[in-house]
Amino acid sequence: MTAIQGHVKTFYQILANTLLVSVMNFTVWFAVTFWVYLQTRSVFATGVISGVFLVLTAATGIWFGSVVDGHRKKTALQGSAAASLLFYAAAFAVYLVTPADDFHDPASIALWALILLLMCGVIAGNIRTIALPTLVTLLIEENTRDRANGLVGTVTGTTFLTTSVISGVLVAFDGMRSVIILAMAALGLAILHLSFVTIPERVVEPHAEEQRGGVDIRGTLRIIAGVPGLTALILFSMFNNFLGGVFMALADAYGLSLVSVQSWGLLWGVLSTGMIVGGIVVSRTGLGRQPVRLLLLINVALWTIIIVFPLRASIWWVAVGFYLYMLLMPYAEAAEQTILQKVVPYERQGRVFGLAQSAEQAASPLTAFLISPITQFVFIPFMTDGWGAREIGPWFGTGADRGMALVFVLTGIIGVIATLIALASRPYRRLNDATAAASSETAAAPA
């Protein structure tokens with residue numbers, strides 16, 4: 001591993017490059033969601049955008065994982081940026097030739113063509129998301145990978161910080177035009193920068209190399225099944241993401257029902273400092289000896305936050321709740337990445353990360369697609385002039401925002417119960433033991 005240690009500076013350069021690309025991809029995602037809601041005032045439309053994102057993520061994760069494992073890491077990173085750039089260029093052409101009035105109709109073909117092209121550009125960036133934890137394994141020594149994963153969380157937080165401010169301001173004053181132009185310019189710069197970065201490749205043993213070609217879902221499933229409790233962890237993450245689809249579908253609509261788009265974008269910028277702080281803390285202290293246990297305990301705290309912040313129709317409750325959520329997210333992300341890095345062979349990590357991403361995200365589209373119309377046509381009327389408004393409205397509040405808030409509360413309660421059950425389960429204990437054993441074997445291995 002001493003040869004790997006010499007490439008920490010390379011890891012920092014990749015992080016900086018990833019920060020630039022991620023800022024622009026997330027800016028496009030945030031901006032198109034803000035913009036579509038402001039153009040159409042349709043919660044259903046914003047929910048469908050979240051659903052489209054999650055469907056595409058689930059559909060491409062396994063394939064992207066095979067791309068990461070089957071190609072040089074630098075090629076995968078550059079190909080990801082180039083694909084995003086091409087999709088954004090096509091979207092810009094649609095934006096320029098479409099009359100502005102067509103974008104006010106949530107059923108407009110041109111509107112959804114623009115959305116799909118932009119979301120495909122964002123999704124192409126997921127190749128980087130899958131490649132980055134494998135690069136941690138490649139470039140960082142095992143005993144400090146949890147801290148490196150914390151730095152990845154810091155980059156994610158910085159991404160949200162700048163993204164929310166950029167997207168909110170640009171959408172408020174110039175619609176999507178400047179957003180797309182800025183994204184194309186930044187991706188071009190990232191491609192140029194990475195061309196000067198040398199990324200070493202680990203030599204793969206011949207018997208492992210024979211299995212590298214293609215997607216090979218069966219072999220990847222065999223690797224996952226061979227680690228006690230790992231299948232259960234992925235299934236738990238699937239269920240978590242099934243519930244998380246509610247948050248993704250409704251969070252922006254809920255926030256925009258309380259404040260202006262400029263205020264919401266700036267607030268996200270402030271809140272995202274929580275991810276930066278959380279990531280820095282993880283990078284300094286690590287995750288301890290039981291990342292599996294930590295992951296589940298963090299999930300209990302996250303779902304509790306989802307229960308509490310909507311209890312009052314106050315942007316301050318949202319701000320405090322979201323900040324705590326952002327503060328804890330780097331712990332959850334770093335813990336899951338560290339677990340997989342410990343128990344999955346390097347030559348299979350891209351596929352496993354990709355399959356895990358697909359499996360986890362496969363549940364979310366169903367929620368995102370279902371919860372938007374259910375919220376629009378059931379919960380919002382329920383809390384506007386229905387039974388809920390009459391019976392719990394006096395203390396919970398009434399109106400469209402209270403309908404969305406009730407969905408959050410119910411989702412959080414289910415999430416807490418599910419996580420507590422997982423924490424007491426046998427697969428949790430088996431995976432905890434397997435992770436500890438992998439750490440012991442690495443510590444005992446000769447340098």
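The sections below go from the whole chain to single residue pairs.

## Basis of the model

This is a predicted model, in which local features need pLDDT of at least 70 and side-chain atom pairs count only at pLDDT 80 or more, while totals for chains, interfaces and linings use all residues. Residues are numbered from 1 along each chain as its sequence is written, and side-chain values use heavy atoms, with hydrogens and water left out.

## Whole chain

The protein chain has 20 helices and zero strands; both are DSSP runs numbered from the N terminus (helices H or I, at least four residues; strands E, at least two). Of its 447 residues, 56% are buried, that is, under 20% relative accessible area, with exposed meaning over 50% and partly exposed in between (1.4 Å probe, protein chains only).

The accessible surface is about 18200 Å², and carbon and sulfur atoms hold 67% of that area; the areas come from the Shrake-Rupley method with a 1.4 Å probe. Among contacts (heavy atoms within 4.5 Å) with a separation of 6 or more, 87% are between residues 24 or more positions apart.

## Packing of H12 on H15

Helix H12 (residues 261–271) packs on helix H15 (residues 315–343) at an angle of about 40 degrees, and their axes are 9 Å apart. Axes are lines fitted to C-alpha atoms over the stretch in contact, and angles run from 0 to 180 degrees between N-to-C directions. The crossing is right-handed, meaning that the near helix is turned clockwise from the far one by less than a right angle.

On the H12 side, the contact is made by Trp 264, Leu 267, Trp 268, Val 270 and Leu 271; on the H15 side, by Ile 315, Val 318, Ala 319, Phe 322, Tyr 323 and Met 326. These residues comprise 11 nonpolar, no polar and no charged. Nonpolar here covers Ala, Val, Leu, Ile, Met, Phe, Trp, Tyr, Cys and Pro; Asp, Glu, Lys and Arg are charged, and the others, Gly among them, are polar.

## Salt bridges

The whole structure contains three salt bridges, each a side-chain nitrogen of Lys or Arg within 4 Å of a carboxyl oxygen of Asp or Glu. One joins Asp 69 to Arg 351, with closest N and O atoms 3.5 Å apart. Asp 69 lies in helix H3 (residues 43–70) and Arg 351 in helix H16 (residues 349–384), so the pair links parts of the chain 282 residues apart. Both Asp 69 and Arg 351 are buried.

Asp 401 and Arg 402 pair at 3.6 Å between their closest N and O atoms, and both are buried. Asp 174 and Arg 177 meet at 2.8 Å, N to O. Arg 177 is partly exposed because its relative accessibility is 40%.
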